[in-house]
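Have a look at the picture first, then read on.

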Amino acid sequence: MSYWLVSVPSGGQLGNSAGILSTLQGSVPNDVKVSTLNVPDLKVGTLDSLMSLSDDLERVDRYVEGVVHRLEKEIRSIINSDANVERESAAQRETRETKLREMRFIEPGNQTAEDFLRKFQWDQARYGVKSTLPELVKDIQDLIQRTDEDLKVKLVDYTTIKSALATAARKKEGNLSSKSLVDVVDRSHFVSTDRFDTIFCAVPKSGVNEFLEKYASYGKVPAKDHPKQQRDEFVLHKIETLDKEPRDVKETPEFQAKMARLVETQLDLQVNAVVPKSAVLVDQDTEFELYRVVIFRTGRHSFELDCNSKAQTRIIVREYAYKDGQSAAETAEVVKLTEDEKEAKKKLKLWSTTAFSEAFRAWIHLKTIRVFVESVLRYGLPPKMVPMLIRPGRHEDKVRKTLNTLYDSLSSGMAGKGEDAASATFYPYVDIEIKYTGEGE
């Protein structure tokens with residue numbers, strides 16, 4: 001949705017304010033809304049200062065517009081996130097869409113953007129007309145900068161809580177290869193001693209038969225930790241001695257063949273990391289089966305490596321340590337984070353709607369200052385102008401052609417710069433656009 005702030009000089013060949021407004025309204029389609037814009041008699045200063053301020057106004061205007069739109073976007077996002085789109089009734093959907101369409105958050109009185117623009121009155125208490133124009137612009141810019149900074153902080157705070165909730169909720173979702181095991185595994189599945197440990201394997205359905213056939217051969221207990229044989233009974237010391245040979249010796253085929261034989265002999269002497277027949281089916285879903293396997297504690301790393309390298313279908317070893325009360329603790333965490341997220345969103349919405357109202361009001365005051373400055377630069381002093389608010393709707397081309405025809409005579413004899421520098425298009429009248437995505441979008 002777009003509004004145009006158009007200003008032409010009063011008096012002279014165009015006539016007085018009432019005549020100019022009546023002529024324009026009678027020349028455009030009936031559903032195009034035209035009204036006067038209340039622009040106060042602001043302090044002018046010098047023409048040089050106005051020229052300099054005009055450039056600053058365009059830059060500040062773009063910044064303020066960006067903050068207003070970010071606030072609007074955040075409010076729309078919150079309204080949509082509050083709705084259960086798949087389950088909401090037709091009446092609920094209509095209520096939500098009306099809120100999004102009207103955005104009735106502008107004070108006083110929860111006005112829409114168009115309500116506020118049509119009834120616009122300069123806020124003398126907030127922006128005193130006795131202040132200089134640069135002072136007014138700085139007041140608006142400072143307000144918007146504080147709002148922008150606060151918005152960034154509040155969004156980070158809310159996003160942090162929302163992400164924590166999503167992470168906690170994901171633990172309860174997904175398949176057995178990723179979801180939390182606290183509600184799947186209980187104490188009876190665990191074997192844990194100084195020597196033995198429990199490991200859980202998520203096995204794809206297609207690889208279950210292979211896993212049950214081969215899992216007992218996965219992993220070896222390191223020789224130094226072998227539970228049944230003494231270190232001297234191994235050939236490990238021979239391997240260590242051989243490994244001390246010079247580099248040129250190690251590079252010979254004879255050395256490499258001898259080392260390979262010793263390593264193979266050593267592996268044959270070592271026992272498997274897995275306790276035979278310890279695999280127990282704990283749970284299954286449509287994609288995976290979860291097995292409990294008891295292993296020698298020191299053979300865990302070797303077992304995990306073999307799960308990745310020796311199985312045709314990749315086995316996912318789950319990192320999980322059982323703790324009493326963990327299931328209840330995770331459930332309580334989700335409940336708490338859910339409440340925290342609701343409260344944080346409620347506060348963010350309240351702050352966003354208030355900030356949006358303040359920012360939108362400040363933005364329109366800034367637009368009004370721009371209309372005043374551009375009119376003085378174009379039409380000279382003392383300021384005599386007819387500022388108008390136009391909502392062209394779907395007739396933008398027709399309205400633009402009408403404006404260009406009615407005010408073509410203004411293209412000569414202007415006192416200041418002849419175009420809105422924020423636009424590449426020249427118009428013989430002041431033309432400043434308000435782009436807003438509220439009603440009608």
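Start with Val8, which stands opposite Val386 in strand 7. Their strands, strand 1 (residues 2–9) and strand 7 (residues 385–391), pair in the antiparallel sense over 6 bridges; strands here are DSSP E runs of at least two residues, helices are H or I runs of at least four, and both are numbered from the N terminus. Two strands count as paired if DSSP finds at least two bridges between them.

A word on what you're looking at. This is a predicted model, in which local features need pLDDT of at least 70 and side-chain atom pairs count only at pLDDT 80 or more, while totals for chains, interfaces and linings use all residues. Residues are numbered from 1 along each chain as its sequence is written, and side-chain values use heavy atoms, with hydrogens and water left out. The mean pLDDT (the predictor's confidence in each residue, from 0 to 100) is 85, and 89% of the residues reach 70 or more. Over residues 414–423, though, pLDDT stays under 50. Where pLDDT is low, the predicted coordinates should not be read in detail.

Overall, the protein has 12 helices and 8 strands. Of its 441 residues, 44% count as buried, meaning under 20% relative accessible area with a 1.4 Å probe and protein chains only; exposed is over 50%, and partly exposed is in between.

Now for strand 5 (residues 288–296). How many of its residues are buried? The count is 9 of the 9, so the strand is largely enclosed by the rest of the structure. Phe288, Leu290, Arg292, Val294 and Phe296 point one way, and Glu289, Tyr291, Val293 and Ile295 point the other. Strand 5 runs antiparallel to strand 3 (residues 196–204), joined by 9 bridges, with Phe196 partnering Phe296. It also pairs in the antiparallel sense with strand 4 (residues 280–284) over 4 bridges, where Gln284 has Glu289 as its bridge partner. A hairpin of 3 residues joins strand 4 to strand 5.

On to the charged side chains. The structure holds 22 salt bridges, each a side-chain nitrogen of Lys or Arg within 4 Å of a carboxyl oxygen of Asp or Glu. Here are a few of them:

| Pair | N to O distance |
|---|---|
| Glu114 and Arg391 | 2.5 Å |
| Lys138 and Asp142 | 2.8 Å |
| Lys310 and Asp306 | 3.4 Å |

Glu114 lies in helix 4 (residues 113–118) and Arg391 in strand 7, so this pair ties together parts that are 277 residues apart in sequence. Both Glu114 and Arg391 are buried. Lys138 and Asp142 are 4 residues apart in helix 5, about one helical turn. Lys138 is partly exposed at 48% relative accessible area, and Asp142 is partly exposed at 23%. Lys310 is partly exposed at 47%, whereas Asp306 counts as buried at 11%. Elsewhere, salt bridges that share partners join Asp197, Arg297, Arg300, Glu304 and Glu319 into one network.

Finally, Gln141 sits in helix 5 (residues 133–170) and is buried, with a relative accessible area of 18%. Leaving aside neighbours within four places in sequence, Gln141 is in contact with Arg59 and Val60, contact being heavy atoms within 4.5 Å.
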